[in-house]
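Work through the exercises below with the sequence and the 3D structure at hand. Each task is followed by a solution in steps.

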Amino acid sequence: MLFPKEPLASIVKEALQGFAYGRFESQAEVQRFLQSHAAYPKDKKGRVHMQRVTDLLRRELYAGRISSPKHKLYNIEGQHEPLITMTEFVKIQERLKSQSHAPARKDVNKDFPLRGFVGCSCCGGALTAGWTKGRGKYYGYYQCQKKGCDLYGKSIKKADIETNFETLLKGLTPPQGLFKVAAAMFKEFYDERARKRHQEIFEVKKQKTTTERKINQLLERIVETDNAAVIQAYEGKIQNLENERIVLEEKIANCGKKLPSFEESSRTALKFLENPYKLWAGEVLEDRQDILKLCFTDKLIYDKKEGYRTAPKSLPFKVLEGFDESMSCMVPKAGLEPARLTPLPPQDSVSTNSTTWAKNNY
Ligand SMILES: [Zn+2]
């Protein structure tokens, strides 16, 4: 019988969920996360091997399941306590498939929080960073090291690039009044979602019946054939369907549970939206990495003379900005109805996505 062993179980759980939900974009980031925990076992050279990370992400044991390909047994429900849900496990597998060639993001470290995230104004390549010693003192700098670039080796002061970034981040803070309107809208979406849950459960049950029927059909075909290759193909399909069925079962079980209150489930997200700079100023490396990923959709480009080029803001901030510009026509006097807000923000991309964004995030 297996039991979660602390503190390892919590570390592994955080790594798996972090990858499932995109907090870690690549396997390399999961590797760095594990590496940073003293309690996580390392190899002789003191490192966590990449293959270990891949194995970890693929083990369904952590989702409470046991498989033995040797005995042709798949997805047997284990007796042990799972660390993650099957839904999370499937998410991880999908992400592994989709990003097999995604480049690992550059390393970020405490001294240079923007390293790998800010691009060169000439070639667009990620700036590297380091310390240099001059007149008995150390100076931090960022620079482009792409061969052939006109700005190759030209240093930008660490203080400049980082102070300007803080100004940029402060600029993302929505005005108080606007923020309150947005928060009230999120609450509307949340309530709407809670009301629709019983419809959802009906749909999910239907899907589950369909999946089970497909599994049974494939099982019948396996019985009828002697061809080993065909049997193997069917088995592969059954395994995928079986995963699907377990995920649907989890959904059904979750539909029966009481939702956490709006305040509970949105506290952290709203706190972040209200003032991203505050979180950055806390100087926690993980928070800072989260900020970079959550506030911007792409690398920022920095020019030594002109500062940051227009920042590619992430959807939540684009939406808030859109609200700001059209606030007067967006807030109906009678109250806040999400349905009426959809067509109004100025840019098309924002208007169609704002509703979806809020829905997807609850
Ligand atoms: Zn360059």
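The protein has 15 helices and 8 strands, where helices (H or I, at least four residues) and strands (E, at least two) are DSSP runs, numbered from the N terminus. This is a predicted model, in which local features need pLDDT of at least 70 and side-chain atom pairs count only at pLDDT 80 or more, while totals for chains, interfaces and linings use all residues. Residues are numbered from 1 along each chain as its sequence is written.

**Exercise 1. Confidence**

Find the average pLDDT of the protein and state what the model has over residues 100–106.

Step 1. pLDDT is the predictor's confidence in each residue, from 0 to 100. Its average over the protein is 81, and 86% of the residues score at least 70.

Step 2. Over residues 100–106 the pLDDT stays under 50, and the model has 10 contacts beyond four places in sequence for them. Two residues are in contact if their C-beta atoms, placed from the backbone, lie within 7 Å.

Step 3. Residues 332–362 also have a pLDDT below 50; this stretch has 47 contacts in the model beyond near neighbours in sequence.

**Exercise 2. A loop residue**

Locate Lys305 and decide why Lys305 counts as buried or exposed.

Step 1. Lys305 sits in the loop between β7 and β8.

Step 2. A residue is buried if 20 or more other C-beta atoms lie within 10 Å of its own, exposed if 12 or fewer, and partly exposed in between, with C-beta atoms placed from the backbone.

Step 3. Lys305 counts as exposed because it has 5 C-beta neighbours inside 10 Å.

**Exercise 3. The largest nonpolar core**

State how many residues the largest nonpolar core has and which element supplies its largest share.

Step 1. A nonpolar core is a set of buried Ala, Val, Leu, Ile, Met, Phe, Trp, Tyr and Cys residues joined through C-beta atoms within 7 Å.

Step 2. The largest has 30 residues, and Leu114, Val118, Leu127, Tyr142 and Ile161 have the most contacts inside it.

Step 3. Elements supplying at least two residues each include β3, α5 (158–170), α6 (176–195) and β7. The largest share, 5 residues, comes from α6.
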